[in-house]
Amino acid sequence: MITTLLSIIFVYVFIVLGYMAKRIFKEDMSTKTLTLMSVYFLQPFVTIWGFSTAKLHSEHVYVPLLYLAIIFILLIPTIILGKLLFTDSKNRAIFSIAGFVGNTGNIGIPLGIALFGEQSVIYTTLINIANVFVVYIIGVYIYSRGSFSIKDSLFNIVKIPIIPASVVAILINIYDVPLSSQIQEFFKMGAYAGIVLQLFLLGTFLQGIRIKELHPKLFAGTISQKFIIIPLATAFILSFTDLPLFVQGVIFMEMMTPLAVANINLASLYDCKPKDVTSLILLSTLLFIPLLFGLSYIVNHYYLG
């Protein structure tokens with residue numbers, strides 16, 4: 001258990017390095033440049049390598065579909081609850097969707113490797129791709145509230161390289177295209193570089209935000225939803241499936257990852273209190289550190305025991 005926790009803590013070192021770099025170098029450390037480098041050059045490596053770690057089978061395809069189904073099941077009562085708790089439409093939108101847009105890529109993939117080993121990458125990659133659809137379909141709709149064209153927003157997503165890279169990776173996997181050890185090592189190097197850069201980038205985003213003006217009810221509601229309601233409901237739903245405990249554990253872990261940076265992108269784009277959303281991301285990321293001890297215990301005793 002200590003070894004696992006140390007592996008997880010070392011993941012956070014890259015986030016701290018990103019935070020320190022932005023704090024020291026300020027505007028010289030361009031988050032836009034890092035984002036472009038990550039999204040357009042390195043994230044496709046993460047996707048292709050993820051699909052190359054194991055042969056796709058029916059249970060692999062079932063995992064992201066189940067992930068999406070769980071979100072849809074929980075989303076409807078969350079939206080209804082949001083209308084009862086918040087009169088402000090922007091607070092209601094944040095509460096309704098932020099908890100479902102988890103950091104399945106930046107933290108989920110390396111955390112999966114730390115907790116379950118590299119055999120988890122095929123599942124975490126598929127879940128991360130499913131999460132892209134959560135972010136840019138459900139997320140866009142709820143954050144925008146009809147202010148902007150959903151069609152135009154979705155069209156921009158199609159242009160992101162991770163989409164065609166996913167198609168290529170799936171085709172290579174399905175048709176069993178042979179890859180030499182050198183090519184596999186090439187993809188692995190690019191993937192690990194992409195994972196590290198994403199963690200570093202998260203740290204730069206967290207630098208300089210303020211949490212004093214965050215609405216207490218929004219904080220309590222979003223955080224309790226993210227770390228209590230969603231994990232418990234997920235574990236309950238998963239208990240009725242025939243999935244191996246290993247796979248159930250991966251899904252459970254992904255549902256517990258802190259809020260993703262993508263929430264900032266959407267909140268900023270649709271003027272939905274981006275500073276409050278950034279504060280929630282910071283707080284959920286910090287709170288996730290002590291929660292890792294509990295998550296590690298649950299995974300090792302109930303899903304890997």
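I take a polar contact to be a pair of N or O atoms within 3.5 Å, where, within protein, one must be able to donate a hydrogen and the other to accept it. I note at the outset that this is a predicted model.

**Entry 1: aspartate 88**

I looked up aspartate 88 and found it in the loop between α3 (58-85) and α4 (89-97).

I then checked the side chain of aspartate 88 against backbone nitrogens. The backbone nitrogen of asparagine 91 lies 2.9 Å from a polar atom of that side chain. For the backbone nitrogen of lysine 90, I read 3.0 Å to a polar atom of the side chain of aspartate 88.

Aspartate 88 and lysine 26 are 62 residues apart along the chain, and their C-alpha atoms are separated by 34 Å.

**Entry 2: asparagine 263**

I found asparagine 263 in helix α12, which covers residues 262-269. Its relative accessibility is 1%, and because buried means under 20%, I count asparagine 263 as buried.

Which residues touch asparagine 263, leaving aside its neighbours within four places in sequence? I listed Ala98, Val101, Tyr143, Val277 and Ile281.

**Entry 3: helix α5**

I went through helix α5 (residues 108-116) residue by residue. Nine of its nine residues are buried, so I record the helix as largely enclosed by the rest of the structure. Among the buried residues of α5 are Gly108, Pro110, Gly112 and Phe116. Ile109, Leu111, Ile113, Ala114 and Leu115 are buried in α5 too.

**Entry 4: the cavity**

Rolling a probe the size of a water molecule over the atoms shows where empty space is left. How many cavities of 30 Å³ or more are there? I counted one. The largest cavity holds about 40 Å³ of space.

I wrote down the lining of the largest cavity: Gln43, Val46, Gly105, Asn106, Ile109, Asn128, Ile195 and Gln198. The elements that give two or more residues to this lining are α2 (31-52) and α9 (181-206). I sorted the lining by class and got three nonpolar, five polar and no charged residues.

One residue turned up in two of my lists. Ile109 is among the buried residues of α5, and Ile109 is also one of the residues lining the largest cavity.

Key: Residues are numbered from 1 along each chain as its sequence is written. This is a predicted model: local features need pLDDT of at least 70, side-chain atom pairs count only at pLDDT 80 or more; totals for chains, interfaces and linings use all residues. Side-chain values use heavy atoms; hydrogens and water are left out. Helices (H or I, at least four residues) and strands (E, at least two) are DSSP runs, numbered from the N terminus. Buried means under 20% relative accessible area, exposed over 50%, partly exposed in between (1.4 Å probe, protein chains only). Contact means heavy atoms within 4.5 Å. On a 1 Å grid over the protein atoms alone, a cavity is a set of points where a 1.4 Å probe fits but cannot get out, and a pocket is an open set with protein on both sides within 12 Å along at least five of seven lines; lining residues have an atom within 4 Å of a point. Grid points are joined across faces, edges and corners, and a volume is the space filled by probe spheres set on the points. Ala, Val, Leu, Ile, Met, Phe, Trp, Tyr, Cys and Pro count as nonpolar, Asp, Glu, Lys and Arg as charged, and the others, Gly among them, as polar.
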